[in-house]
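The entries follow the order in which I checked them.

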Amino acid sequence: MIKITNLEKYYRTEEVETVALNKLSFEVKEGEFVAVMGPSGCGKSTLLNILGLLDDPDAGSFLFNGIEVAKFNERKRADLRKHNIGFVFQSFNLIDELTVFENVELPLIYTGVKASERKKIVEEVLDKMVIMHRRNHYPQQLSGGQQQRVAVARAVVNNPKLILADEPTGNLDSSNGNEVMQLLTDLNEQGTTIIMVTHSEHDARYSHRVIRMLDGQTVMENIMI
Amino acid sequence: MFKNYLKIAWRNIFHHKAYAAINIVGLALGIAACLLILQYVNYELGFDRQHARKENIYRVIQDRYDNGKLSTQWAAGAYAVGSAFKEAFPEIDDYVRLNQAGSQVLRRGNDLIKLENPYFASSSFFKIFSFPLVKGDPATALKEPFTVALSETLAKKLFGSVDVLGKELKVTGDRIYKVTAVYKDMPSQSHMHFEALFSFASFVQLIGPDNNPDNAWNWDGCLTYLLLKPGTDPKKLEKKFMAVVTQKNGESLKQYNADVKYYLQPLTDIHLYSNRMLEAGANGDGKTTYLLMGIAFFVVLIAWINYINLATARAISRAKEVGIRKAVGSQRSQLIGQFLFESALLNAMAVALAFVIILAVVPLFNRLTGQSISIGQLGGGMFWLNFLLLYIAGSFISGIYPALVLSSFKPIVVLKGKLVHTTQGSYLRKGLVVLQFAASLFLLIGTLAVSKQIRYMKKQELGMNIDQTLVIKKPIVVTDSTFLNQLTSFKNSLEGQSGIQKASSSTSVPGEPVGWNAGGIRLLSQPENVAKQYRVIGVDYDYVDMFDLKVKAGRNFSRDFGEKKGVIFNESAANQIGFTKPEDAIGKDIFFWGDTLRIVGVVHNFHQQSLRDAFEPLILRLFPDVRGYISLKVHAADVKGSITKVEKEWNRFFPGNTFEYFFLDEHFNSQYKSDQQFGLVFGIFTTMAIFVACMGLFGLASFTTLQKTKEIGIRKVLGASVNSILKALYQEFAWLILVAFVIATPIAWFAINKWLEGYAFRMRPDTITFVLPLLVILLVALITVSYQTIKAALANPVHSLRTE
Ligand SMILES: Nc1ncnc2c1ncn2[C@@H]1O[C@H](COP(=O)(O)OP(=O)(O)OP(=O)(O)O)[C@@H](O)[C@H]1O
Ligand SMILES: [Mg+2]
């Protein structure tokens, strides 16, 4: 599903040039659950943003379902993103002015789903995430774990083929964290490909495979048993 | 999609009420001010548009040159141009002549009705101008001698109905005019406002067969309007005038070393751009109108800037939303649409509120500006068009920049929680704040300058005394030849009354243009071709004394010398005729329309008119029994009683005449009415502009302090005092205002001087005019900022640090 070859990304700030990704290559097959690990600053988030088409690489190739997307413009990226990719962030990133229901509904609005259908789909997903009873609450009125469940709900509501999660449990206590990991595992079992950045060896154990990074390069891949 | 936009926009407005209120109220005030001014401007721009053939109607105006120097600019010039030009140029379809018929008294039963300024008009008047007739035939209405057309109101006043065709009207004395037409009252948006028009044929009869207007190239006072054939280029036609003038009148002009140029003035330009001798009425002022338009723009601009500033300042709090929306697939264009939609929503609320404000203040606005905008008029198409334009322009102008900024946020940056602290944005915000304050300073400096000029004009020595002076308008109905004696007896009888100190009669009084403009005047010893034009006032022996004019050389008129042929010059006149030292003029004889008159004295220049006007060469010509205004110096103690006595005498001496009087100082100061109104309007809109700007500053200060709350907390923990924290915050805003001052001052300086060009006597804009506004703005701004910052500075640091 994903194949990156010699991906490079630099950040230039005034005098300093940081190499965030240094000729990085790997492949992720459809249905995989991959964890990306590495020390702080090694380029994990950068990688995830590029995979999520939120950012573009400076060099290298990125095949998404066999299509070269490295040189896509913003318009095309947004288009591809809204149909295929869901995001889960460390800091939940829900819109404070929208209710739980409305937050989850948002991706459907951008893909042009009709209102009546949206209601059905959103309720289904909220049910699955066991957050239905909070549908009319605002994010501020929820606990961290509940917020992340809403975020996961929003990530999957469009039925994306790929979910990218950047430290999804980073802001949660262990029991809430485990709950979210269970949700991701369930989704993966239903066929969704998942790439997750994490600092936690515990969380990484939910995945099939760990990609270890150092200074913008993969240093090792090990299969979890 | 829009439902979602609406939802989030609505909740944003609701969650940040203060922010929304600042925006909505500011925009509403700006829009209301702008619309009101535009309404006024539209009114001023809309004069004389009711005429079906307005595009083809031009007035012939006349510039007179003496010895190569421009001396007079006439609205009403030579009589002959109409017929001569029509004959010479096939491009001219028709022409109409109008000239003043002088004030008249009409009788209705026992009541006297005074006709203030009626005109004679030639028969094509109702063909060229589209003043609809209620009764009568436009083609024939003013054809015959001694016919008259009445306005609807006057017809009703005189006869109680408009069915008055063929009725006879007794006009001053016993001349009978036959009513041949009744026209709808001339609209207020017209440069002509005639209550009655007498046929020009009557005038021709009155002046007798020896005087033919068609040959009258040297009498002034005739308004001539031409109806050009469609497609005629007025500029080209104008160029051809000179040949005709030279052929018909060249010789006579050469004799006086004079020159006359004729121009075509579009009918629709008259109201705003014409201020010449003998206009058909007081016109408007294009400069003021455009200045007001500028102010309107400033006020609304300040409100738009508020929106831009507050929206971009708040961008940080919307950044996350942008990032999320992008992450879940929103296109940038969709986000731009969303933010424009929000500004459209806020602007919609603002225009609604603006409308309410307008409804509430229209009566006040009318009172202040002397306008008569009715609520009904607000329904006019132009109003709604402006309304819509302001709405659309406002939504777009205020919304587009924040929309572009917000939609440009990169999701990876904002979602990481790394708040964008764009220095670029804050520079722009500072730039806009500077712009706002520059505009406010400009307006404030302008307000001060206008009021200073008005004060200056009112305080200036006039060179004469007009206090305690009661002026009676001259009697119009004079039945017998003993009138002159009557006038003298009347004056004498008044002077005998207690409470009345002096009496004098004259053809003009101070506070108005001198109506008598005489050309061809020279020293007897000079050749004809150096003769020039002078303003002339016919005065009696007591005039100089009455107004306390200061004799500079020679003497006042005196009954002791038994002189009848004396003149007194003012300094300008003495100068113009060729004397650098006034005493040299004394005893010299001048040639005045065939008479020889002796200069007995020269008086210091005095302000016959407001200080807008320069001193003009003025001749006081002695007519011991001059018929004109009668001025009375009354004791302050019993003014009312004096008036009663005077009226009694008046009715005894001049039965059949209306008794009309005014106080000369009021009359004189009424010349400043339009200046004062302008100053007031200027001041009001300036206050509004500053208020709106400060609201924006308040909002901005709130956000800045909110961002700085943590900084303030840390500083306090580190031991900074409240004062030092306030100082740092004040400094930032003070700097912005100083920069604004540096920008505004030269522009204001330039604008003030440009405006003052319209005044012959000007105040000098001093340092205070510029520095005071700076201090005011600094103070107001600091107070505005203080509220938020003091709150933040006094807050317990533990609170602000904990909320992070
Ligand atoms: N916008 C940026 N401008 C400049 N440098 C950046 C930017 N974003 C990231 N970097 C740099 O690129 C490198 C990789 O950053 P990245 O955020 O991908 O690391 P990370 O592996 O996700 O770290 P962490 O585990 O702390 O989240 C770092 O050295 C970082 O400082
Ligand atoms: Mg990271």
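I worked on a predicted model, where local features need pLDDT of at least 70, side-chain atom pairs count only at pLDDT 80 or more, and totals for chains, interfaces and linings use all residues. Residues are numbered from 1 along each chain as its sequence is written, chains are lettered from A and ligands numbered from 1 in the order written, and side-chain values use heavy atoms, without hydrogens and water.

Ligand site. I found ligand 1 between chains A and B. Of the 14 residues around ligand 1 (a heavy atom within 4 Å), Ser40(A), Gly41(A), Lys44(A), Ser45(A) and Thr46(A) come nearest. By class, I noted three nonpolar, eight polar and three charged residues in this shell; Gly counts as polar, and Asp, Glu, Lys and Arg as charged.

Polar contacts (N or O pairs within 3.5 Å). I read 2.4 Å from an oxygen atom of ligand 1 to a side-chain N or O atom of Ser40(A). For Ser45(A) the distance from a polar side-chain atom to a ligand 1 oxygen is 2.8 Å, and for His199(A) it is 2.9 Å.

Burial. Alone, ligand 1 exposes 630 Å², of which the protein buries 72% (Shrake-Rupley, 1.4 Å probe).

Residues 21-241 of chain B are 28% helix and 32% strand.

How values were computed:
A polar contact is a pair of N or O atoms within 3.5 Å; within protein, one must be able to donate a hydrogen and the other to accept it, and residues adjacent in sequence count only if both atoms are side-chain atoms. Helices (H or I, at least four residues) and strands (E, at least two) are DSSP runs, numbered from the N terminus.
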